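Reader: I'm new to this one. Can you walk me through it?
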Amino acid sequence: MLNNELWIDSFIVGALAMRCSVVTDLKTGDTVIIDGGSETDRIISWIEDFSGQGPDWSKGPSSFESMKSSGLSKRKVIALVNTHAHFDHSGEIPYLLDRYHVSWYLHPEDDYLQSLAQISGQRWGFSLPTPAIADKQLEDNMTLNLGSLTFEIYHTPGHTLGGCCIEVKVEDGPNHLFAGDTLFAGSVGRTDLPHSGGDFNLLAKSVITKLWPLDLDTVVHPGHGPLTDIGVEKSTNPFVGVNSPIYVEFHKS
Ligand SMILES: [Zn+2]
Ligand SMILES: [Zn+2]
């Protein structure tokens, strides 16, 4: 199923400037929060009544008045989904669960990392609640239907064991990919973080086999840094693009 009238807000939150994406179907108000790990007060204020600082990037109405004229009376948060379990992406999930009482989706291979979110945050000087436990599991190649929204899930290990990229297909425009820390504009996520199972060769394999086949105009929303698209990264990314040593090596074998 394709998503017609998609509204996407992204919030760059927390000391690590992590991207939280809020995806809404304008027709139904059904809303999913991807990586709601930091500054949840700010995210909740904007979702519920357009108050506060608002998003850093938006595909939708920018004011309460234009929101009303868009026909959307009230967004309903129906699920939380995470690309992976590093604490900046997941540390404040308990606050969102307290507020919305919805399911939280995470790949099970990140469950151990998730159990360390509070301790990892403390190491960076952040005070975080007792880590949330995901009640729903993401799987490779699953189609995730959440209310009127549909997501394709790609398990892309390498930055973490359970890292996933989340695609939303759009009928009348480019698709959108929420890439977590697997793929950045001109870079990729670190593979040396503790307890994460990072592995650069595995990350490269994930990107080459799961992401490069996607439509070239797919908008990529990375976990950190600016938006990009699959075509640009496939042709120019120095770490995993078609001219990178590992891509050339991968296609020899
Ligand atoms: Zn990460
Ligand atoms: Zn991150």
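Reader: Let me start with one residue. Is His 101 buried or exposed?

Author: His 101 counts as exposed, with 8 C-beta neighbours inside 10 Å. Keep in mind that this is a predicted model.

Reader: Where is His 101 found?

Author: His 101 is in the loop between H4 and S6.

Reader: What phi does His 101 have?

Author: A positive one, about 50°, although His 101 is not a glycine.

Reader: Which other residue has a positive phi although it is not a glycine?

Author: Ala 17 is one, with a phi of about 50°. Ala 17 sits in the loop between strand S1 (6–13) and S2. It counts as partly exposed, with 13 other C-beta atoms within 10 Å.

Reader: Back to H4. Which of its residues are buried?

Author: Helix H4 covers residues 93–100, and its buried residues are Ile 93, Tyr 95 and Leu 96. They cover an arc of only 160° around the axis, which puts them on the same side of H4.

Reader: Why do residues three or four places apart point the same way in an α-helix?

Author: An α-helix has 3.6 residues a turn, so residues at that spacing point the same way.

Reader: What do the buried residues of H4 pack against?

Author: Two helices are among the partners: H1 (40–49) and H3 (87–90). The buried residues of H4 also pack against strands S3 (30–34), S5 (76–81) and S6 (103–106).

Reader: Let's take S3, then. Why is it largely enclosed by the rest of the structure?

Author: Four of the five residues of S3 are buried, so the rest of the structure largely encloses it.

Reader: How do S3 and S5 pair, parallel or antiparallel?

Author: Parallel, over five bridges. Asp 30 stands opposite Lys 76 in S5.

Reader: And how do S2 and S3 run?

Author: Antiparallel. Strand S2 (residues 18–25) is joined to S3 by four bridges. Val 22 has Ile 33 in S3 as its bridge partner.

Reader: How many residues lie between the strands in that hairpin?

Author: The hairpin of S2 and S3 has four residues between its strands. Gly 29 in this hairpin takes a positive phi near 85°.

Reader: New topic. In what order do the six strands of the open sheet come?

Author: The order is S8-S9-S10-S11-S14-S15, and the pairing is mixed. Strand S8 (143–146) and strand S15 (228–229) stand at the edges. Each has a single partner strand, so one side of each is left without a neighbour in the sheet.

Reader: How many bridges pair S11 and S14?

Author: Four, in the parallel sense. Strand S11 spans residues 176–180, and strand S14 spans residues 219–222. The bridge partner of His 176 in S14 is Val 219.

Reader: Now the whole thing. How many helices and strands does the protein have?

Author: Nine helices and 15 strands. The radius of gyration is 17 Å, close to the 18 Å that the globule rule gives for 253 residues, so the protein is as compact as a globular protein of that length.

Reader: What does the C-alpha trace span?

Author: About 55 × 45 × 30 Å along the principal axes.

Reader: What share of the residues count as buried?

Author: 45% of the 253 residues.

Reader: Last one. Among contacts between residues at least 6 apart in sequence, what share join residues at least 24 apart?

Author: That share is 63%.

Key
Residues numbered from 1 in each chain as written. Chains lettered and ligands numbered in written order. Predicted model: local features only at pLDDT ≥ 70, side-chain atom pairs only at ≥ 80, totals over all residues. Buried ≥ 20, exposed ≤ 12 C-beta atoms within 10 Å, placed from the backbone. Arc of directions from axis to C-beta. Contact = placed C-beta atoms within 7 Å. Pairing = 2+ DSSP bridges. Rg over C-alpha atoms; globule rule 2.2 N^0.38 Å.
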